[in-house]
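Let's sit down with this structure and talk it through together.

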Amino acid sequence: MNRLTDLRFLIGILFSVYGVILAIYGLASHPSTQTVQWNIDLWWGLLSLVFGLAFIVWSNVPEKDED
Amino acid sequence: MHSLHALFHANGVDYSIIAIYFVFVIGVGFILKNRVRTGEDFFLSGRSIPGWITGLAFLSANLGALEIMGMTASGAEYGWMTTHFYWIGAIPAMLFLGLYMMPFYYVSKVRSVPEYLKLRFNEATRGVNAVSFAVMTVLTSGISLYSMALIFQVLIGWSLTISILVSAVVVLVYVTLGGLTSSIYNEVVQFFLIWAGLLPIPLIGMHQLGGWNGMMNRLPAGFGHLWSNLGSPSNNPMGIGWLGVVLGLGFVLSFGYWTTDFLVVQRTLAARNLRAAQNTPIYAAFFKMIVPILVIIPGLIALAVFPKIGHTSGMSYNLALPLLISKYYPPGMMGLGLTAMLASFMSGMAGNITAFTTVWTYDIYQAYMHKDASDKHYISMGRWAVLGGVVISIGTAYFAAGFPSVMDYMQTLFSFFNAPLFGTFLLGMFWKRTTAWGGFWGLISGIVGAFLLYYLVPAHVFSSPDAGNFWRAWWAWVITVVITVLVSLITKRKSEEELKGIVFGLSNRPNYTGFPWYKRPGYLAAIAFIILVVLNIIFW
């Protein structure tokens with residue numbers, strides 16, 4: 001199966017892109033709300049990035065046909 | 001919902017997150033276009049999708065934005081009891097579909113639910129189901145299109161027309177290109193986006209309120225329980241008793257929806273083999289059980305944080321989730337939250353459109369208008385049907401904008417169709433004596449019976465609209481079963497040869513000895529069921 005049609009790879013790309021955007025925005029603007037003082041964009045962005053990279057790594061494992 | 005000022009002020013970063021999502025889904029459509037060669041590819045993803053993907057799609061096709069906002073609202077209004085819709089009101093039916101019904105659906109190679117009805121009963125039964133399903137689905141898609149546009153108007157101030165046209169066109173493009181696979185891929189992406197976009201809300205909220213117990217201290221008594229207030233309908237705000245929940249919601253409504261609605265069943269048919277097809281709703285059951293974290297808990301948090309919700313103007317229960325987003329999320333996260341809602345809305349609509357397209361093409365167009373055309377012809381008909389479905393949805397959306405109450409009414413009417421259908425399926429699949437005309441007349445009587453109950457029994461007989469729906473569904477099902485049995489006993493039965501492979505007792509039970517336990521539907525379903533029981537005891 002073509003890499004680009006592998007859903008794991010597509011999800012990995014989308015979440016990595018979102019993770020990078022959120023983390024950079026978080027670093028640059030230190031957003032906070034009245035309730036949440038810590039930098040949620042930065043931390044949630046990093047978490048999304050890790051999630052996305054994990055999916056990209058997973059997409060290297062060939063899918064077994066029997067599943 | 002008449003606020004002139006939008007609730008949020010989305011900025012550049014929020015809009016880029018939303019824009020990236022649009023580019024992504026359309027891109028996926030173009031990538032998948034090359035994989036669509038046959039009708040089977042377009043309408044059933046070539047029956048080639050792994051079980052974890054169809055499982056998540058099975059769950060997400062039903063998890064639209066309206067459902068998310070509506071269930072959060074119910075959580076704020078009725079408390080933890082709302083979780084019944086996710087546990088007893090879904091899990092047993094999903095496990096039953098996987099274990100007992102999938103072998104007939106999948107092995108018979110039918111392409112749709114109406115097609116199974118034709119195989120098991122007759123052309124007339126298929127016709128009734130195909131037409132009612134097609135009409136219902138395309139109108140539902142329009143109603144949700146309108147509701148979503150309304151939400152986005154309140155949230156970020158977009159005009160109705162912009163929201164309706166942008167979402168409809170994006171859905172149109174990606175479904176036309178990639179067919180069911182496009183739709184399924186986006187449903188799975190939506191599943192993860194929902195968690196990414198909404199999970200911080202229960203986390204922040206519970207942290208702020210001091211955990212579950214801290215939250216309960218601020219809520220009315222009984223708001224943290226599932227069953228302990230269901231002894232009598234007058235003891236709880238939803239106005240229902242335990243018997244109504246078990247029979248109406250847990251049995252008839254839930255089984256009727258999860259086992260016969262082609263919107264969800266279509267996802268299982270796309271699985272790459274019988275075991276993956278059986279595991280589809282079983283995997284989905286595990287994920288379904290944790291969805292209350294994302295919807296009901298935020299509802300409870302909303303009630304604790306905004307005690308006036310539902311009682312002051314501008315603070316309707318329906319705004320529970322948006323109010324929390326605007327309170328907790330800075331720019332950036334807000335874009336992600338909005339994208340999650342947009343994604344869940346669009347994938348819900350795409351699900352309706354793909355199901356509509358398949359039923360229209362195979363069960364109406366091929367069956368009654370143009371029988372022996374080439375495969376290519378049906379694919380191109382399918383693509384036109386996507387366009388037709390989207391155009392009708394836009395029309396319905398504008399109609400709904402003009403007559404909102406008519407829409408509520410129609411949605412109640414639609415809820416009548418699944419309960420009788422489940423009766424027909426249950427007898428058809430598990431009682432081989434059920435005849436073709438028994439199935440047909442039973443289904444018709446159930447639908448007519450539900451309508452009569454709705455019009456003839458005054459609403460105030462029931463303690464709440466939910467209680468009314470539960471009991472109507474139950475009686476519609478009973479009518480179907482009784483009439484099907486009676487007519488079957490006096491009409492000509494089908495030969496065993498005709499029923500081979502589509503009825504219990506006349507087909508080989510799949511055998512998975514040799515597979516490890518975590519791949520076997522039976523073991524997985526048993527584990528899911530035990531977790532369900534334990535959860536119900538913990539939150540009694």
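This is a predicted model: local features need pLDDT of at least 70, side-chain atom pairs count only at pLDDT 80 or more; totals for chains, interfaces and linings use all residues.

Trainee: Which classes of residue make up the contact of α7(B) with α8(B)?

Mentor: On the α7(B) side you will find L145(B), Y146(B), A149(B), L150(B), F152(B) and Q153(B). They face L160(B), S163(B), I164(B), S167(B) and A168(B) of α8(B). Sorted by class, the contact has no charged residues, three polar and eight nonpolar.

Trainee: What handedness does the crossing of α7(B) with α17(B) have?

Mentor: Helix α17 covers residues 375-402 of chain B, and its axis lies 7 Å from that of α7(B), at an angle of about 55°. That angle makes the pair oblique. As α7(B) passes α17(B), the crossing is right-handed.

Trainee: How many nonpolar residues does the contact of α7(B) with α17(B) have?

Mentor: Have a look at α7(B), where the contact includes V138(B), L139(B) and I143(B). Across from them, α17(B) brings residues including I392(B), I394(B) and A397(B). There are no charged residues and five polar ones, and the nonpolar count is ten.

Trainee: Are α13(B) and α22(B) roughly parallel or roughly antiparallel?

Mentor: Helix α13 spans residues 274-290 of chain B and helix α22 spans residues 521-538 of chain B. Their axes come within 10 Å and cross at roughly 20°, and the crossing is left-handed. Angles under 35 degrees count as roughly parallel. So the answer for α13(B) and α22(B) is roughly parallel.

Trainee: How many charged residues are in the contact of α13(B) with α22(B)?

Mentor: From α13(B) come R275(B), Q278(B), N279(B), I282(B), Y283(B), F286(B) and M289(B). Their partners in α22(B) include P521(B), L524(B) and I531(B). The contact has twelve nonpolar and two polar residues, and the charged count is one.

Trainee: How many salt bridges are there between chain B and chain A?

Mentor: The contact takes 41 residues from chain B and 30 residues from chain A. Between them the chains bury about 3,100 Å², with 73% of it on carbon and sulfur atoms. As for salt bridges between chain B and chain A, the count is zero.

Methods: Residues are numbered from 1 along each chain as its sequence is written. Chains are lettered from A and ligands numbered from 1 in the order in which they are written. Side-chain values use heavy atoms; hydrogens and water are left out. Contact means heavy atoms within 4.5 Å. Helices (H or I, at least four residues) and strands (E, at least two) are DSSP runs, numbered from the N terminus. Ala, Val, Leu, Ile, Met, Phe, Trp, Tyr, Cys and Pro count as nonpolar, Asp, Glu, Lys and Arg as charged, and the others, Gly among them, as polar. Buried area is the accessible area (1.4 Å probe) that two parts lose on being put together, summed over both. A salt bridge is a side-chain nitrogen of Lys or Arg within 4 Å of a carboxyl oxygen of Asp or Glu. Axes are lines fitted to C-alpha atoms, for helices over the stretch in contact, and angles run from 0 to 180 degrees between N-to-C directions. Angles under 35 degrees count as roughly parallel, over 145 as roughly antiparallel, 65 to 115 as roughly perpendicular and the rest as oblique. A crossing is left-handed if the near helix is turned anticlockwise from the far one by less than a right angle, and right-handed if clockwise.
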